[in-house]
Amino acid sequence: MWTRLSAIAFSLLMVGAACSSDAATDEASSDTAAPAEQNACPAAGCVVTITEVATSGSELVVTMDANFNPDISKNHIHIYWDNFEPEQVSNDAADRGVEQGEWVPTDAAPQFTTEGVVSTSVAGESTTLCVTVGDRDHNVIDADAEYCMDVADVMS
């Protein structure tokens, strides 16, 4: 009799452990999914805009507004002068049928100070600064989702 009762108790214990193990796995899965969701584009797509531009010495401080949390290893911002099209400021420019341009990838939102290939010293004739969204591979997510601002007043 004790043997049969022990077997039933053991079986119930194993079923309970399996159920709690599944719950722990489900909790772990949802925890690991959270960081990706935090960087995912909303249903309407990732959007970034320039809201203000000011000077800092000879460079520009660009204030941006994004509807996602920029992360350089995930979705982030590509900033560039308008002598390039959004399709060009992408690692897959050749696949898009265009010559690759120059841009700076950044997650420095809400503010970014121009430098490198977007320094005012290399702007040339351009007075329009643009932003678009890139993915973890530095490919532009949506070339139609470009935002540009004329900064001629600030540069003079």
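Predicted model: local features only at pLDDT ≥ 70, side-chain atom pairs only at ≥ 80, totals over all residues.
**Close-up 1. The disulfide of Cys-41 and Cys-46.** Here the sulfur atoms of Cys-41 and Cys-46 sit 2.0 Å apart. The torsion about their S-S bond is about -105°, so this disulfide is left-handed. Are the two partners buried or partly exposed? Cys-41 has 29% relative accessibility and counts as partly exposed, while Cys-46, at 6%, counts as buried.

**Close-up 2. The disulfide of Cys-130 and Cys-148.** Cys-130 is joined to Cys-148 with an S to S distance of 2.0 Å. This link is right-handed, with 105° about the S-S bond. Cys-130 belongs to strand 6 and Cys-148 to strand 7 (residues 147-150), so the pair ties together parts that are 18 residues apart in sequence. Cys-130 is buried, with a relative accessible area of 0%; Cys-148 reaches 31% relative accessibility and counts as partly exposed.

**Close-up 3. Thr-128 and its surroundings.** Stay with strand 6 for a moment, as Thr-128 lies there too. What does Thr-128 touch, not counting residues up to four places away in sequence? Its contacts are Tyr-80, Trp-81, Asp-82, Cys-148, Met-149, Asp-150 and Val-151. Thr-128 counts as buried because its relative accessibility is 15%, and the cut-off for buried is under 20%.

**Close-up 4. The largest nonpolar core.** This core has 19 residues, and Val-62, Met-64, Ile-79 and Leu-129 touch the most other members. At least two residues of the core come from each of strand 1 (48-56), strand 2 (59-66), strand 3 (76-81) and strand 6 (128-134). In soluble globular proteins, nonpolar side chains tend to be buried together.

**Close-up 5. Val-62 and a second core.** Leaving aside neighbours within four places in sequence, Val-62 is in contact with Ile-50, Glu-52, Val-53, Ile-79, Pro-110, Gln-111, Phe-112, Thr-114 and Leu-129. A separate, second core has 7 residues, including Tyr-80, Trp-103, Val-140 and Ala-143.

**Close-up 6. Stepping back to the whole chain.** To place these views, follow the elements from the N terminus: they run α-β-β-β-β-β-β-β-α, giving 2 helices and 7 strands. Of the 156 residues in the chain, 31% are buried. Among contacts with a separation of 6 or more, 62% are between residues 24 or more positions apart. The chain exposes about 9,200 Å², of which carbon and sulfur atoms supply 52%.

Technical notes
Residues numbered from 1 in each chain as written. Heavy atoms only, no water. Core = buried A, V, L, I, M, F, W, Y, C linked by side-chain atoms within 4.5 Å. Buried < 20%, exposed > 50% of the residue type's maximum accessible area, 1.4 Å probe, protein only. Helix = DSSP H or I, 4+ residues; strand = E, 2+ residues; numbered from the N terminus. Contact = heavy atoms within 4.5 Å. Areas by Shrake-Rupley, 256 points an atom, 1.4 Å probe, with all protein chains shown as cover. Disulfide = S-S within 2.5 Å.
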